[in-house]
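Please look over the structure shown below, together with its sequence. The briefing that comes after it is grouped by topic.

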Amino acid sequence: MRWPPPPEWPHAELSRRVMSPPHRWHIQQRGKGPLVLLLHGAGGSTHSFRSLIPHLAKRFEVIAIDLPGQGFTRLGARHRCGLDAMSADIESLCVHEGWSPDAIIGHSAGGAIALNLSKTLMSPRGHPPRIVGINPALDTFDGIAGLMFPAMAKLLAAIPFTATAFSVAAARTRRIETLIGSTGSKLDEQGIDFYRRLVADRDHVDATLLMMAQWSLDHLIGSLPTMLAETLFITGDQDGTVPPAVARRAAGRIPNARLVELAGKGHLVHEEVPDIVAAHILRFLSD
């Protein structure tokens with residue numbers, strides 16, 4: 001996506017760029033108080049938190065970032081799109097900016113990154129930051145899909161013009177509506193258009209493919225029983241992307257985790273009912 005964000009992009013007035021090697025990060029910052037870091041899922045951007053940010057910023061300093069190569073963050077190294085590499089680069093960004101998050105909120109794959117960061121980052125309280133995973137993607141693909149999906153993503157990421165061809169083919173409003181519908185969520189026209197604009201961008205699609213190709217949760221899933229962070233998972237029971245059972249299993253393995261399931265909501269629950277999601281988050285962070 002071309003810098004700077006257009007005026008109609010959610011919270012464009014809050015956007016700034018930070019060079020923290022190897023990437024040039026897009027950051028949105030609002031509010032005062034304990035720091036809360038927001039991490040979107042694969043293929044998303046800070047826009048997905050557009051309605052959540054005002055709720056949280058009433059009590060916290062909220063910082064949302066675009067993941068490497070996605071949204072308005074410029075990718076600086078193509079080999080640093082996997083879970084551990086992105087976690088390390090985000091931690092370096094936090095050190096560069098002097099951030100000590102009291103909590104990290106991650107959606108989908110962002111939830112996995114948040115948990116991974118909790119193993120090394122410390123909050124000002126001297127404990128790992130609290131973690132909120134919104135429909136967290138904390139499971140591997142089963143059976144043949146587990147073998148084929150990463151291989152297919154690597155192949156697509158290596159073929160010249162794949163991202164361009166995909167973005168041209170996919171960035172039609174009807175196709176985006178179908179894609180959003182498959183997640184179990186219902187968004188308004190503006191919400192759908194934000195995703196259409198992301199998918200239409202070749203660099204964004206390329207970085208998302210790289211992330212998929214380099215993604216591995218094996219070490220993180222194996223470490224769940226040793227997690228020290230206080231954790232809240234919020235799921236939609238109609239999630240068609242990450243089944244709610246994934247969060248249930250993960251919560252059962254993390255020593256200090258709790259789970260909230262919202263009826264009738266899908267994978268983008270924080271965009272569907274941001275006020276309800278915010279209420280659960282604020283209650284958790286005030287305990």
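What follows covers a helix packing, a pocket, an aromatic pair and some backbone features.

This is a predicted model, in which local features need pLDDT of at least 70 and side-chain atom pairs count only at pLDDT 80 or more, while totals for chains, interfaces and linings use all residues. Residues are numbered from 1 along each chain as its sequence is written, and side-chain values use heavy atoms, with hydrogens and water left out.

**Helix packing**

- Helix H2 (residues 83–97) packs with helix H3 (residues 109–117) at an angle of about 65°, the axes being 9 Å apart; helices (H or I, at least four residues) and strands (E, at least two) are DSSP runs numbered from the N terminus, and axes are lines fitted to C-alpha atoms, for helices over the stretch in contact, with angles from 0 to 180 degrees between N-to-C directions.
- On the H2 side, Leu-83, Asp-84, Met-86, Ser-87, Ile-90 and Glu-91 meet Ala-112, Ile-113, Asn-116 and Leu-117 of H3, where contact means heavy atoms within 4.5 Å.
- By class, this contact of H2 with H3 has 6 nonpolar, 2 polar and 2 charged residues (Ala, Val, Leu, Ile, Met, Phe, Trp, Tyr, Cys and Pro count as nonpolar, Asp, Glu, Lys and Arg as charged, and the others, Gly among them, as polar).

**Pocket lining**

- Among the 14 residues that line the second largest pocket, Met-1, Thr-73, Arg-74, Leu-75 and Asp-203 lie nearest its centre (on a 1 Å grid over the protein atoms alone, a pocket is an open set of points where a 1.4 Å probe fits, with protein on both sides within 12 Å along at least five of seven lines, and lining residues have an atom within 4 Å of a point).
- Helix H8 (residues 202–214) gives the most to this lining, with 3 residues, and the lining as a whole divides into 5 nonpolar, 3 polar and 6 charged residues.

**Aromatic pair**

- The structure holds 2 aromatic pairs, for which rings of Phe, Tyr and Trp (its six-membered ring) must have centres within 6.5 Å, planes under 30 degrees apart counting as stacked, over 60 as edge-to-face and the rest as tilted.
- The pair of Trp-9 and Phe-72 is edge-to-face because the ring centres are 5.4 Å apart and the planes stand at 80°.

**Backbone features**

- Trp-3 and Pro-4 are joined by a cis peptide bond with omega about 0°, and Pro-4 is in the segment before S1.
- Another cis peptide bond joins Pro-21 and Pro-22, with omega about 10°.
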